[in-house]
Structures are given as structure tokens and as C-alpha cells.
Amino acid sequence: MHKLLRLWLASWARALTYRGDIFFWSLTEIVTPLVALAIWYTVSRTSAGPFTPQETITYYILAIFTLSMTNVWNGFFLIQEIQNGKVVQQLIRPIGFFWYHLGRNLTAKIIRLVPQTIAFGIIFAIFASSLSPTVFELRNILFFLATIGAGLTIAFILDMAFAMLAFWIEDAIQIREYKEVISNIASGLLVPIAFMPESLQTIFNWLPFRYIISAPIEIMLGQAPGAEAWKLLGIQVVWIGMCAVLLRALWRKGLKVYVVPGQ
């Protein structure tokens, strides 16, 4: 615990050093859901669909918050560390690489969480009548927070697993970018899952991305009543387990074939 605390303090100092960058990264993240909101709000007003205009606004306001809390970037840096040999430093530290990157991610999340919580509190207070009433139900809020935590865990472990491809593939960063594109679609960020054809919904239900962003929002919109919310949370736990097993296997096998660049 002492080592983890020291690691946390070091990550906190590093995050504060780059607080300006973190702020601007946060701004760039909201561009995609805002554009999608403009499109689908117009659609919901001009034609009958799964969402009312009120639900569409609520969906994308929640999407902005959920994306900010579940978005991860550690895989990008880990790929660079593997390709330039700096990952070797992680092998001799008392804390493994997983905890190092987890500490960096959570520290940045806390810095983002404070201003975002204030901003969303103001939005929910002033524009309460424009939002779906389901977002004010305590049960939905508790499940929403739990599924966001699980979604962040899935996203983090999955991103780290993709980074392990750098042990074998030089273009691992490009493959990770493809993963991000698929995630934007399959998670319901660009298009809500409910708006998609049933065939696509079936496919995306078998992928982990839906359970990172769409699942928490579905709960807040009241689309997962009763046992359905527990089912979504249970599926998230299953994905966490499978991604963790995959990450561990790739890390062990990758170290066996790894050669430090230039040696």
C-alpha cells in the first residue's frame, strides 16, 4: 500500500504538470458527441424513432460524461514504451506496469471529474425539464455509477491488451486506432444502439464496446428496468474477466519474444 501511495502521488504531480493538456483533451472529446447530438436531435424531432427529443438530449449529455470517464489512452504510450525499449524499466520497478498506467489514468480522471461534476450539476439543475425524468431516480444513478466504473475497467484492460500487439507488430498504434474507430460506432457514441438495425444490434451485443458507453446510459434512460440492469452489470464483469485473462496471456508471451530495439 505504501508503494501504491507513492505511485499515486507521483502520478498526481505529473498530471498537475500537464493539467492544461488534460483540459484541452477533455474539450476535444466532447466534439464527437455534440455533433452526433445535433444530428440525432433533428431526426428525433422530424420523425418517429426510438427516442423522443428529450431522451436524445439526455442520451448525449450522459454520453459526454460517460466518454470522459471511460476514455483511456494508456495503450498509446505503452506501445511507444515497447517499441523504444523503455518498457524494460517497468520490469525492474517494485510496482508492475499495470499499476503504473492505472495510477496515471485514474489521476487524470479525478482532475476531469471535479469541473465536470460542477458543470453537469448546473445543467441538471437549470435544464431539468429538458431531460428525461429517469435520470433523477436514485436506483438509476447508483447503477449508472457502478456500470461506469465497470466500463472504465473494460476499456482500460482492453486498451492495454491491444498495446501488447507491439511485441509482435510494428504498426500496433495504427491497429489501436482502428479499434478506436470501431469503438465509436459499436459503443453507441456516434449512433445510439437503439437506432441501429437489429442485425447490427445483435453483433454489437457480443462485443465489449457497448458495455463501455451505451450500457450506463441505457440504465439512466430507464431502458434497463429490474433484472436487466443487473444483467448488463453482470456482462460487464464477464468482459472484465475475459479481457484480464487476455492481457495477462499477451504480456507473458510478449516478454518471451521481446527484443529491446537496437540490441
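Contact here means heavy atoms within 4.5 Å. The model is predicted. The points below cover its largest nonpolar core, which has 65 residues, a nonpolar patch on the surface, and the residue S214 in helix α11.

**S214**
- Helix α11 spans residues 214-220, and S214 is found in it.
- With a relative accessible area of 1%, S214 is buried, because that value falls under the 20% cut-off.
- Residues up to four places away in sequence aside, S214 touches Y59, S187 and I193.

**Nonpolar core**
- Within the largest nonpolar core, of 65 residues, those with the most contacts are Y60, L62, L78, I82, F124, M164 and I217.
- At least two residues of this core come from each of α3 (31-46), α4 (53-70), α5 (74-84), α7, α8, α9 (172-186), α11 and α12 (227-257).
- The helix that gives the most to this core is α8, with 13 residues.
- I82 is in contact with V87, A163, A166, F167, Y258 and P261, when its neighbours within four places in sequence are left aside.

**Surface patch**
- A nonpolar patch on the surface is formed by I110, V114, I118, I122, I126 and F127.
- Together these residues have about 570 Å² of accessible area.
- F127, one of the patch residues, is found in the loop between α7 (97-126) and α8 (138-163).
- The relative accessible area of F127 is 46%, so this residue counts as partly exposed, the class between the 20% and 50% cut-offs.

Note on methods: Residues numbered from 1 in each chain as written. Predicted model: local features only at pLDDT ≥ 70, side-chain atom pairs only at ≥ 80, totals over all residues. Heavy atoms only, no water. Helix = DSSP H or I, 4+ residues; strand = E, 2+ residues; numbered from the N terminus. Buried < 20%, exposed > 50% of the residue type's maximum accessible area, 1.4 Å probe, protein only. Patch = residues over 30% accessible without salt bridge, like charges linked within 9 Å, V, L, I, M, F, W, Y side chains within 5 Å. Areas by Shrake-Rupley, 256 points an atom, 1.4 Å probe, with all protein chains shown as cover. Salt bridge = Lys/Arg side-chain N within 4 Å of Asp/Glu carboxyl O. Core = buried A, V, L, I, M, F, W, Y, C linked by side-chain atoms within 4.5 Å.
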